[in-house]
Amino acid sequence: MWDFAGEELPADVLRGCELVVDSVPDLVAALLEQDECAALRRRAVALLRKPLFPSPRDDYRAYPWPLV
């Protein structure tokens, strides 16, 4: 995933983010806890504000350990 860090998100991904900003669709919300729905909405808003693939943070391993 980190190969795409900093690249623009595709338009269809952004459209998907727009769909959950106000409320998570019932079919998805039924599978999640309330705090997970809230986190999903926050992440969608963040991606719409900065529509780029995320970059790894430097304060923890970005790859599974000890596999790499």
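This report describes helix packing, a surface patch, a salt bridge and several residue positions in a predicted model.

## Helix packing

Helix α1 covers residues 11–21 and helix α3 covers residues 34–49. Their axes come within 8 Å and cross at roughly 135°. Angles over 145 degrees would count as roughly antiparallel, and those from 65 to 115 as roughly perpendicular; α1 is therefore oblique to α3. The crossing of α1 and α3 is left-handed.

Ala11 belongs to helix α1. With a relative accessible area of 45%, Ala11 is partly exposed, because that class lies between the 20% limit for buried and the 50% limit for exposed residues. From Ala11 to Leu27 the chain runs 16 residues, and the C-alpha atoms of the two are 23 Å apart.

Ser23 is found in the loop between α1 and α2. Its relative accessible area is 45%, so Ser23 is partly exposed.

Ala38 itself is a residue of helix α3. Its relative accessibility is 29%, and Ala38 therefore counts as partly exposed.

## Nonpolar surface patch

Three residues, Leu27, Val28 and Leu40, make up a nonpolar patch on the surface. Together they have about 280 Å² of accessible area.

Val28 sits in helix α2, which spans residues 26–29. The relative accessibility of Val28 is 36%, so Val28 counts as partly exposed. Membership of a patch requires over 30% relative accessible area, and Val28 has 36%.

Pro56 is located in the segment after α3. At 34% relative accessibility, Pro56 falls in the partly exposed class. Between Pro56 and Glu36 there are 20 residues of sequence separation, and their C-alpha atoms are 21 Å apart.

Side chains of opposite charge can pair when their charged atoms come close. In this model the count comes to one salt bridge. Arg57 and Asp59 form a salt bridge, in which the closest N and O atoms are 2.8 Å apart. The cut-off for such a pair is 4 Å, so the contact qualifies.

Both partners are on the accessible side of the classification. Arg57 has 51% relative accessibility and therefore counts as exposed. Asp59, with a relative accessible area of 55%, is exposed. The limit for this class is over 50%.

How values were computed
Residues are numbered from 1 along each chain as its sequence is written. This is a predicted model: local features need pLDDT of at least 70, side-chain atom pairs count only at pLDDT 80 or more; totals for chains, interfaces and linings use all residues. Side-chain values use heavy atoms; hydrogens and water are left out. Patches are made of residues with over 30% relative accessible area and no salt bridge: like charges are joined within 9 Å, nonpolar side chains (Val, Leu, Ile, Met, Phe, Trp, Tyr) within 5 Å. Accessible areas come from the Shrake-Rupley method with a 1.4 Å probe; for residues, only the protein chains shown count as cover. A salt bridge is a side-chain nitrogen of Lys or Arg within 4 Å of a carboxyl oxygen of Asp or Glu. Helices (H or I, at least four residues) and strands (E, at least two) are DSSP runs, numbered from the N terminus. Buried means under 20% relative accessible area, exposed over 50%, partly exposed in between (1.4 Å probe, protein chains only). Axes are lines fitted to C-alpha atoms, for helices over the stretch in contact, and angles run from 0 to 180 degrees between N-to-C directions. Angles under 35 degrees count as roughly parallel, over 145 as roughly antiparallel, 65 to 115 as roughly perpendicular and the rest as oblique. A crossing is left-handed if the near helix is turned anticlockwise from the far one by less than a right angle, and right-handed if clockwise.
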